[in-house]
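Let's take a look at a protein chain together, going from the whole fold down to single residues. Keep the 3D view open as you read.

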Amino acid sequence: MGFSNWTTAQEFIFSAFPCSWGDSVICFIPLLFIYAFIIIGNLVIITVVQLNAHLHTPMYFFISALSFLEIWYTTATIPKMLSSLLSERRSITLNGCVLQMYFFHSTGISEVCLLTAMAFDRYLAICSPLHYPTIMTSRLCAQLTLGCCVCGFLTPLPEIAWISTLPFCGSNHLEHIFCDFLPVLRLACTDTHTIVMIQVVDIVHAVEIITAVMLIFMSYVGIVAVILRIRSAEGRRKAFSTCVSHLTVFLLFFGSVALMYLRFSATYSLFWDTAIALAFAVLSPFFNPIIYSLRNKEIKEAIKKHIGQAGILIGKSRNLP
């Protein structure tokens with residue numbers, strides 16, 4: 001059957017949100033708090049890194065770049081989730097859905113690439129400490145970050161361009177909390193071509209995730225090998241402490257992403273689909289500012305210093321006549 005004989009739906013309706021108003025409000029309040037915390041927390045990290053000269057190092061440059069991406073990664077989906085929770089008609093236009101998928105995946109892939117670059121940075125810092133300052137220059141940091149963003153924003157373009165040409169007939173109820181490839185593809189007028197392309201999309205996602213995981217894994221194999229050769233326990237602790245935050249973020253983010261995009265033909269219930277989506281789209285970005293601030297002594301001290309300075313300024317302004 002040809003595509004020209006089908007009519008295309010102009011909007012999708014999210015059907016994974018709670019049906020009752022009370023349940024929607026209960027979900028809305030913590031989600032609003034989480035989103036506000038993500039935005040404020042990441043802005044604080046970016047500002048603190050910019051204001052403190054001793055934090056102008058490759059590691060903190062990458063952390064602030066990751067915080068910047070996290071803001072846009074969550075902004076691609078959470079504001080629409082919030083408005084859908086308080087709306088009677090939880091709909092999104094076809095063009096809006098395509099744009100949401102593009103920005104969600106482009107910022108997500110950029111983060112994957114950046115986490116890989118951060119693993120490379122830690123590998124150089126620990127395995128080649130003498131050559132590290134001459135190799136990991138500010139110019140190389142900027143080039144790596146730009147390369148991560150270019151890769152992130154180019155990689156999903158073919159999938160997005162293909163999906164935007166598909167006809168959608170029948171039900172327009174999207175069984176998800178935001179637009180994502182597989183839930184949207186399930187609503188396409190299915191034929192053999194579409195089924196094959198769904199499998200191709202699965203393979204593309206698998207290659208992206210496995211490549212990043214393997215690169216990060218090899219970096220940490222080298223790091224662990226060097227740390228184990230350090231004779232003093234204090235030296236080993238210090239060396240490993242510089243990697244703990246990155247390793248925690250990596251496991252949290254990639255664990256939930258792998259559950260969603262490495263399942264191939266396996267299917268989950270709507271509940272588990274939603275839970276896994278919330279894990280990598282909401283909870284992982286929520287924990288990142290906590291991990292990078294509470295587990296990082298230098299950022300903690302810088303934040304305390306600026307809070308103290310702000311308190312002194314407020315106190316002085318109150319004492320003015």
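Before we start, a helix here is a DSSP run of H or I with at least four residues, a strand is a DSSP run of E with at least two, and both are numbered from the N terminus. This is a predicted model, in which local features need pLDDT of at least 70 and side-chain atom pairs count only at pLDDT 80 or more, while totals for chains, interfaces and linings use all residues. Residues are numbered from 1 along each chain as its sequence is written, and side-chain values use heavy atoms, with hydrogens and water left out.

**The whole chain**

The chain has 12 helices and 3 strands. It has 321 residues, and 46% of them count as buried; buried means under 20% relative accessible area, exposed means over 50%, and partly exposed lies in between, with a 1.4 Å probe and protein chains only. The accessible surface comes to about 16400 Å², and carbon and sulfur atoms own 70% of that. These areas come from the Shrake-Rupley method with a 1.4 Å probe.

Now for contacts, meaning heavy atoms within 4.5 Å. Among contacts in the chain with a separation of 6 or more, 79% are between residues 24 or more positions apart.

**Spans from the record**

The unreviewed UniProt entry lists several stretches as "transmembrane region", including residues 102–120 and 209–228. Such annotations may be inferred rather than shown by experiment. Here is how those two spans look in the model:

The 3 strands form an open sheet in the order β2-β1-β3, with mixed pairing. Its edge strands are β2 (91–93) and β3 (173–174), and each pairs on one side only. Two strands pair if DSSP finds at least two bridges between them. Strand β1 (residues 11–14) runs antiparallel to β2 over 3 bridges, and phenylalanine 12 has isoleucine 92 in β2 as its bridge partner. Helix α4 (residues 94–127) packs on the sheet and touches β1 and β2, with its direction at about 85 degrees to that of β2. For that angle, axes are lines fitted to C-alpha atoms, for helices over the stretch in contact, and angles run from 0 to 180 degrees between N-to-C directions. On the other pairing, β1 and β3 are parallel over 2 bridges, and phenylalanine 14 has leucine 174 in β3 as its bridge partner.

**Inside the core**

A nonpolar core is a set of buried Ala, Val, Leu, Ile, Met, Phe, Trp, Tyr and Cys residues joined through side-chain atoms within 4.5 Å. The largest one has 93 residues, and Phe12, Phe168, Val184, Phe254 and Phe280 have the most contacts inside it. Helix α4 gives the most to this core, with 16 residues. Leaving aside neighbours within four places in sequence, valine 184 touches residues including Phe12, Phe168 and Leu174.

Histidine 105 sits in helix α4. Why does histidine 105 count as buried? Because its relative accessibility is 8%. Not counting residues up to four places away in sequence, histidine 105 touches Gly152, Pro156, Asp180, Phe181, His205 and Tyr261.

Alanine 212 sits in helix α9 (residues 192–228), and is buried with a relative accessible area of 5%. Apart from neighbours within four places in sequence, alanine 212 is in contact with Val112, Thr116 and Phe254. Alanine 212 and isoleucine 109 are 103 residues apart in sequence, with 10.0 Å between their C-alpha atoms in space.
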